[in-house]
Amino acid sequence: MRIYYNPKLKEVARNLRNNMTLAEKSAWRMLKSKQFMGLDFHRQKPIGNYIADFYCSELSLLIEIDGISHNDEEVKRKDKIKEQYFKSIGINILRFTDDQVIGNWMLVENEIKKFISECQLK
């Protein structure tokens, strides 16, 4: 599937890649260079008018890592709109908190593997 993105987000995505949060850096160490089950993940990937934390085109899977700011009601509302857009173009979303990524990577890894297994059954 060809992914459209707003070209104006290219520079924003580059800045986000250069200034990742601790949780994003931790996740990237596990996902980069096809280290996770041989899958190719991209970080801070522009998709439409949004930027996804991590995206794997082979699975049409987007992984979002939510920091404390995602507890804010306005941010939750925007996250919901973002999720609806991704789902409307056939992209699946897995969300994890900073604490899950930093403190319990095994949980995150198991959830991603579970998603992959379910995809393979379809």
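This is a predicted model: local features need pLDDT of at least 70, side-chain atom pairs count only at pLDDT 80 or more; totals for chains, interfaces and linings use all residues.

As a reminder, strands of a sheet pair through backbone hydrogen bonds, either parallel or antiparallel. Which way do β3 and β4 run? They are parallel, with six bridges joining β3 (residues 61-66) to β4.

## Two hairpins

Start with β1 and β2, which pair in the antiparallel sense over six bridges. One of the pairs to look for is P46 with its bridge partner I51 in β2. The two strands form a hairpin with two residues between them, and G48 in that turn has a positive phi of about 60 degrees.

Next come β2 and β3, also antiparallel, paired over three bridges. Here F54 has I63 in β3 as its bridge partner. Four residues lie between the strands of this hairpin, and S60 takes a positive phi near 50 degrees. If you're colouring by accessibility, β2 is mostly covered: six of its seven residues are buried.

## What's packed inside

The largest nonpolar core has 22 residues. Those with the most contacts inside this core are L31, F41, F54, I63, V101 and I112. Which elements give two or more residues to it? They are α2 (22-31), β2, β3, β4 and α5 (105-121). The largest share comes from α5, with five residues.

Not counting residues up to four places away in sequence, I63 touches L31, F41, D53, F54, L94, F96 and I112. There's also a second, separate core of eight residues, and I47, L62, I91 and I93 are among them.

## A closer look at L62

L62 lies in strand β3, and its bridge partner in β4 is I93. Is L62 buried or exposed? Buried means under 20% relative accessible area, and L62 has 0%, so it counts as buried.

Who surrounds L62? Leaving aside neighbours within four places in sequence, L62 is in contact with I47, A52, F54, Y55, F86, I91, N92, I93 and L94.

## The largest pocket

Rolling a probe the size of a water molecule over the atoms shows where empty space is left. In this model, the largest pocket has a volume of about 260 Å³. It is lined by 17 residues, and the closest to its centre are L16, I51, D53, E64 and K82.

Where does the lining come from? α1, β2 and α3 (73-88) each supply at least two residues. The largest share, four residues, comes from α3.

Conventions:
Residues are numbered from 1 along each chain as its sequence is written. Side-chain values use heavy atoms; hydrogens and water are left out. Two strands pair if DSSP finds at least two bridges between them. A nonpolar core is a set of buried Ala, Val, Leu, Ile, Met, Phe, Trp, Tyr and Cys residues joined through side-chain atoms within 4.5 Å. Buried means under 20% relative accessible area, exposed over 50%, partly exposed in between (1.4 Å probe, protein chains only). Contact means heavy atoms within 4.5 Å. On a 1 Å grid over the protein atoms alone, a cavity is a set of points where a 1.4 Å probe fits but cannot get out, and a pocket is an open set with protein on both sides within 12 Å along at least five of seven lines; lining residues have an atom within 4 Å of a point. Grid points are joined across faces, edges and corners, and a volume is the space filled by probe spheres set on the points.
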